[in-house]
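Visitor: I have a new model open and would like to talk it through. Could you take me around?

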Amino acid sequence: MRKTIPLILLLGAFFFGMKYENVYSPQPMEEFYPEIGYKTVEAATKDFEKHFKKELKLPLRVPPISFTHQFGRFSNMNGEMNDHFELTMISDQSPQHHYKIEVRPIKYKIPFVKHISEVFKLKNGSEASYVVGLGIGFNLFVFERDGWQYVLSIDSDVGDKVPPEVLVQIANSIDYTTEVETY
């Protein structure tokens with residue numbers, strides 16, 4: 001009898017472990033994100049530009065943390081008020097490595113006036129607002145240019161690795177030429 005109790009406990013743990021493993025198997029991000037409307041950044045950008053009939057420039061720089069995936073999405077909500085472009089960069093290795101860019105027309109911009117922590121000057125002369133403490137788990141960097149409102153969001157858990165000065169550099173990296181120079 002003494003030998004059967006440990007054997008029963010061992011078998012019970014084995015079967016419980018198998019059942020738990022089968023119940024929880026996370027879906028890979030490259031399968032899950034397309035199911036909720038994400039696609040390549042390039043395809044989402046084209047959809048957004050076609051809808052608004054205007055070019056969208058994205059920053060060349062990204063935060064200095066590692067990402068394993070990037071996705072884009074154009075949310076077309078019947079009308080233009082809630083339509084926006086979204087670029088999401090995430091890591092399946094470090095969940096707090098989450099960065100997002102949302103872009104919408106200025107006439108439908110989201111006001112953040114009450115929550116501004118600091119204001120920065122961008123190299124094109126415009127101002128950008130750093131927003132923290134919204135209770136959403138992200139620090140925001142908000143600016144306007146070319147008729148768009150840009151909202152850069154970084155997980156607040158990596159705010160020390162991606163301070164507002166880095167977000168200024170990212171915002172300034174939009175100022176690039178798309179024309180090929182010939183000599």
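Predicted model: local features only at pLDDT ≥ 70, side-chain atom pairs only at ≥ 80, totals over all residues.

Visitor: Fine. How many helices and strands are there in the protein?
Guide: The protein has 4 helices and 7 strands, and read along the sequence they follow the pattern α-α-α-β-β-β-β-β-β-β-α.

Visitor: And what share of the residues counts as buried?
Guide: Of the 183 residues of the protein, 39% count as buried. As for contacts with a separation of 6 or more, 54% of them are between residues 24 or more positions apart.

Visitor: Let's look at α3. Which of its residues are buried?
Guide: The buried residues of helix α3 are Val41, Ala44, Thr45, Phe48 and Phe52. They cover an arc of only 100 degrees around the axis, so they sit on the same side of α3.

Visitor: How far does α3 reach from its first C-alpha to its last?
Guide: Helix α3, residues 41-52, reaches 16 Å over its 12 residues, which is close to the 16 Å expected at 1.5 Å a residue.

Visitor: What happens just after α3?
Guide: Just after the helix comes Lys53, which takes a positive phi of about 55 degrees and lies in the loop between α3 and β1.

Visitor: Is Lys53 buried or exposed?
Guide: Lys53 is exposed, because its relative accessible area is 72% and the cut-off for exposed is over 50%.

Visitor: Where does Asp146 lie, then?
Guide: Asp146 lies in the loop between β6 and β7, and although Asp146 is not a glycine, its phi is positive, at about 55 degrees. With a relative accessibility of 43%, Asp146 counts as partly exposed.

Visitor: Changing topic, how much space lies in the largest pocket?
Guide: The largest pocket holds about 190 Å³ of space. Its lining is made up of Lys109, Ile110, Pro111, Phe112, Val113, Ile116, Glu127, Ser129, Val142, Phe143, Glu144 and Gln149.

Visitor: Which elements give two or more residues to that lining?
Guide: Those elements are β5 (127-131) and β6 (138-145), and the largest share, 3 residues, comes from β6.

Visitor: How does the lining of the largest pocket divide by class?
Guide: By class, the lining has 7 nonpolar, 2 polar and 3 charged residues.

Visitor: Why does Ser75 count as buried?
Guide: Ser75 counts as buried because its relative accessibility is 11%, where the cut-off is under 20%.

Visitor: And what does Ser75 touch?
Guide: Leaving aside residues up to four places away in sequence, Ser75 touches Asn82, Asp83 and His84.

Terms used. Residues numbered from 1 in each chain as written. Heavy atoms only, no water. Expected span 1.5 Å × (residues − 1). Buried < 20%, exposed > 50% of the residue type's maximum accessible area, 1.4 Å probe, protein only. Arc of directions from axis to C-beta. 1 Å grid on protein atoms, 1.4 Å probe; cavity = no way out; pocket = protein on both sides within 12 Å on 5 of 7 lines; lining within 4 Å. Points joined across faces, edges and corners; volume = space filled by probe spheres on them. Nonpolar A, V, L, I, M, F, W, Y, C, P; charged D, E, K, R; others polar. Contact = heavy atoms within 4.5 Å.
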